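Hi everyone, thanks for making time. Let's bring the structure up on the screen and walk through it together.

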2 protein chains.
Amino acid sequence: MNDLKIPNSIAVIGMGLIGGSIAMELHAYKPSIEIIGVESNEIHIDKAQALGLVSRIEKLEEAINQSDLIIVCTPPDVTLELLPKVLDNASHQAVMDVCSVKKPLVQAVSGHPRRGRYLAAHPMAGTEYSGPGAAKIGLFNDKACIFCDTENTDEKVVALGKWFFRYLGMHLTEMEAADHDRHAAYVSHISHITSFTLANTVLEKEKSDQHIFTLASGGFDSTVRLAKSAASMWSPVFQLNKDNILDVLDNYAMHLKQFRDAIAGNNYEALAALIHKSNKINKVIK
Amino acid sequence: MNDLKIPNSIAVIGMGLIGGSIAMELHAYKPSIEIIGVESNEIHIDKAQALGLVSRIEKLEEAINQSDLIIVCTPPDVTLELLPKVLDNASHQAVMDVCSVKKPLVQAVSGHPRRGRYLAAHPMAGTEYSGPGAAKIGLFNDKACIFCDTENTDEKVVALGKWFFRYLGMHLTEMEAADHDRHAAYVSHISHITSFTLANTVLEKEKSDQHIFTLASGGFDSTVRLAKSAASMWSPVFQLNKDNILDVLDNYAMHLKQFRDAIAGNNYEALAALIHKSNKINKVIK
């Protein structure tokens with residue numbers, strides 16, 4: 001797009017890991033862009049200001065009025081409530097979100113007169129930590145960003161989204177929101193549930209923290225890493241992507257039972273075959 | 001121990017990830033020690049020699065005869081068979097193994113006239129890769145090594161084991177073999193089963209590898225990493241630690257069901273509580 005206009009002011013709503021990292025990246029490499037932060041949590045405001053992540057903090061409506069691009073970086077349940085209100089106030093601005101669940105969001109604004117100004121985006125980057133103190137440069141680099149249902153988004157807004165997320169170092173993919181949510185359940189959301197479950201299983205059994213700590217070098221640490229993730233983010237994800245997550249959980253439980261049956265039945269050939277099958281993940285994960 | 005005698009020759013039986021890494025570390029930092037490798041797989045022999053991991057390759061009996069210390073680094077089922085034979089031939093040498101299952105091994109040699117020369121050791125280090133090509137310097141550094149049932153091992157052999165594994169950079173812990181196997185099931189073995197299961201669930205559902213690859217930046221990659229691990233190692237671990245593993249699997253399935261029930265029943269408070277509980281892993285895992 002030759003007529004792409006780089007925004008003068010970007011409003012970042014929600015100063016968490018994602019919003020904070022976006023602000024940090026913009027601040028470091030595009031200091032000419034004004035970053036207006038919106039955040040209700042006083043501790044997060046203080047932290048974001050101490051880290052110099054934002055030019056200033058404003059109330060939601062002022063931030064929208066004074067920006068060309070609005071990135072909504074709140075947890076999915078908050079975003080679901082906020083998104084129609086942001087669009088109500090966005091007379092000319094582009095609006096994007098970053099949630100890992102997309103179908104409920106595009107449904108929530110499907111009849112909105114300004115639907116075209118909204119780009120449903122999912123930058124697939126994160127860590128197990130949250131809040132502006134966890135923000136970091138390079139978080140998005142070389143990761144995937146999914147745009148959903150772009151046929152309902154104005155071309156100029158899609159072009160701006162491409163510029164923005166490519167600027168963060170991401171490679172872009174497009175898919176239908178419903179497909180996105182199904183894939184995300186399998187390739188991201190379930191990993192969090194298995195980590196939470198592993199942590200709860202071990203914490204209940206190993207009353208002595210010292211034993212876990214001493215023995216955790218055997219691969220446990222990377223497998224359980226995601227169990228540090230925030231309930232405020234993941235409980236809404238599981239709610240909003242409920243059907244897909246129940247589907248993947250039932251499949252996972254079935255595959256887990258295959259392992260249990262092979263071990264309990266001393267069926268070593270079946271056990272080795274299950275492991276060999278899973279080794280094929282080698283081809284797709286570096 | 002003031003009279004500790006550093007071995008002139010060490011036999012490393014099994015040129016896999018662990019045996020290869022031990023040989024590599026000795027070769028790099030203690031070149032005066034002769035390393036005699038024992039390996040039946042021709043490809044592994046060639047690789048170990050190409051990497052300069054061993055002074056020479058010998059048949060098992062010659063390697064034992066010509067060494068002061070024998071480290072058995074074969075998979076657990078092979079070690080279980082090999083260990084009594086190694087002790088049969090060890091007229092004066094110290095013998096150690098590195099398996100992640102200990103009780104079947106100490107039971108297998110409990111009546112052996114040379115039981116005292118055997119130290120049951122579990123250096124808790126590894127990666128998801130196997131074979132001598134995966135060997136690396138620093139693999140053991142700052143990881144835990146567990147010695148089991150040392151009351152049945154000669155003091156001089158325990159002292160040699162302490163020197164050896166500390167030399168590799170490990171911190172040492174002692175426990176009963178039965179306790180070790182129970183802890184290992186919870187803190188190491190289950191992580192492999194959950195990773196294998198996650199890989200099988202996703203591979204079956206996501207027929208297009210490209211989708212997994214594109215979307216895997218959302219935490220999936222670290223959670224599924226262990227699914228690359230070798231069946232030749234892990235199938236015997238699951239067999240030999242069967243009772244403990246079935247116990248942890250049943251507990252894990254119960255905790256998984258708690259998540260499923262909370263999601264299916266729209267019980268968001270219970271869901272958040274389960275996540276908050278699991279976040280306590282934060283205290284013990286860095």
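Let me start with a question: is helix 10 of chain B mostly covered or mostly open? Mostly covered: nine of its ten residues are buried. Before I go on, please keep in mind that this is a predicted model.

So who are the buried ones? In helix 10 of chain B they are B:Ala231, B:Met233, B:Trp234, B:Ser235, B:Pro236, B:Val237, B:Phe238, B:Gln239 and B:Leu240. And what do they pack against? From their own chain, the partners are helix 4, helix 5 (103-108), helix 7 and helix 11 of chain B. From the other chain, helix 11 (242-264) and helix 12 (268-279) of chain A join in.

B:Pro75 sits in the loop that runs between strand 4 and helix 4 (76-89) of chain B. Why does B:Pro75 count as buried? Because B:Pro75 has 21 C-beta neighbours inside 10 Å, and the cut-off for buried is 20 or more. If we ignore the neighbours within four places in sequence, B:Pro75 is in contact with B:Ser232, B:Met233 and B:Pro236. Of these, B:Met233 and B:Pro236 are on that list of buried residues in helix 10 of chain B. For a sense of scale, take B:Met254: in sequence, 179 residues separate it from B:Pro75, and in space the C-alpha to C-alpha distance is 31 Å.

Okay, on to the sheet. In chain B we have an open sheet of eight strands with mixed pairing, and the order is 3-2-1-4-5-6-7-8. Its edges are strand 3 (56-57) and strand 8 (171-175) of chain B, each of which pairs on one side only. Strand 1 (residues 9-13) and strand 2 (residues 34-38) of chain B run parallel, joined by five bridges. You can see B:Ser9 standing opposite B:Glu34 there, the latter in strand 2 of chain B. Helix 6 (residues 155-167) of chain B packs on this sheet and touches strand 4 (69-72), strand 5 (94-97), strand 6 (118-123), strand 7 (144-148) and strand 8 of chain B. The direction of helix 6 makes about 25° with that of strand 6 of chain B.

Now the domains, and here I'll switch to chain A. The domain assignment gives domain 1 (9-175) and domain 2 (180-283) of chain A. Their C-alpha centres lie 30 Å apart. Where they meet, 16 residues of domain 1 of chain A are in contact with 15 residues of domain 2 of chain A. On the domain 1 side, helix 4 (76-89), helix 5 (103-108) and strand 7 (144-148) of chain A each give two or more residues. By class, that side has nine nonpolar, three polar and four charged residues.

Last topic: how do the two chains go together? The contact takes 80 residues from chain B and 80 residues from chain A. Which element of chain B gives the most to its side? That's helix 7 of chain B, with 20 residues. By class, the chain B side has 42 nonpolar, 26 polar and twelve charged residues.

As for symmetry, a rotation of 180° with 0.0 Å of shift along its axis superposes chain B on chain A, with an RMSD of 0.0 Å. The two copies are therefore related as by a two-fold rotation axis. In chain B, the C-alpha nearest that axis belongs to B:Thr223, 2.3 Å away. And the same surface serves both copies, since 100% of the contact residues of chain B recur in chain A.

Definitions and conventions: Residues numbered from 1 in each chain as written. Chains lettered and ligands numbered in written order. Predicted model: local features only at pLDDT ≥ 70, side-chain atom pairs only at ≥ 80, totals over all residues. Domains from an automatic or database assignment. Contact = placed C-beta atoms within 7 Å. Helix = DSSP H or I, 4+ residues; strand = E, 2+ residues; numbered from the N terminus. Nonpolar A, V, L, I, M, F, W, Y, C, P; charged D, E, K, R; others polar. Least-squares fit on C-alpha atoms with pLDDT ≥ 70 in both. Pairing = 2+ DSSP bridges. Axes fitted to C-alpha atoms, helices over the stretch in contact; angles between N-to-C directions. Buried ≥ 20, exposed ≤ 12 C-beta atoms within 10 Å, placed from the backbone.
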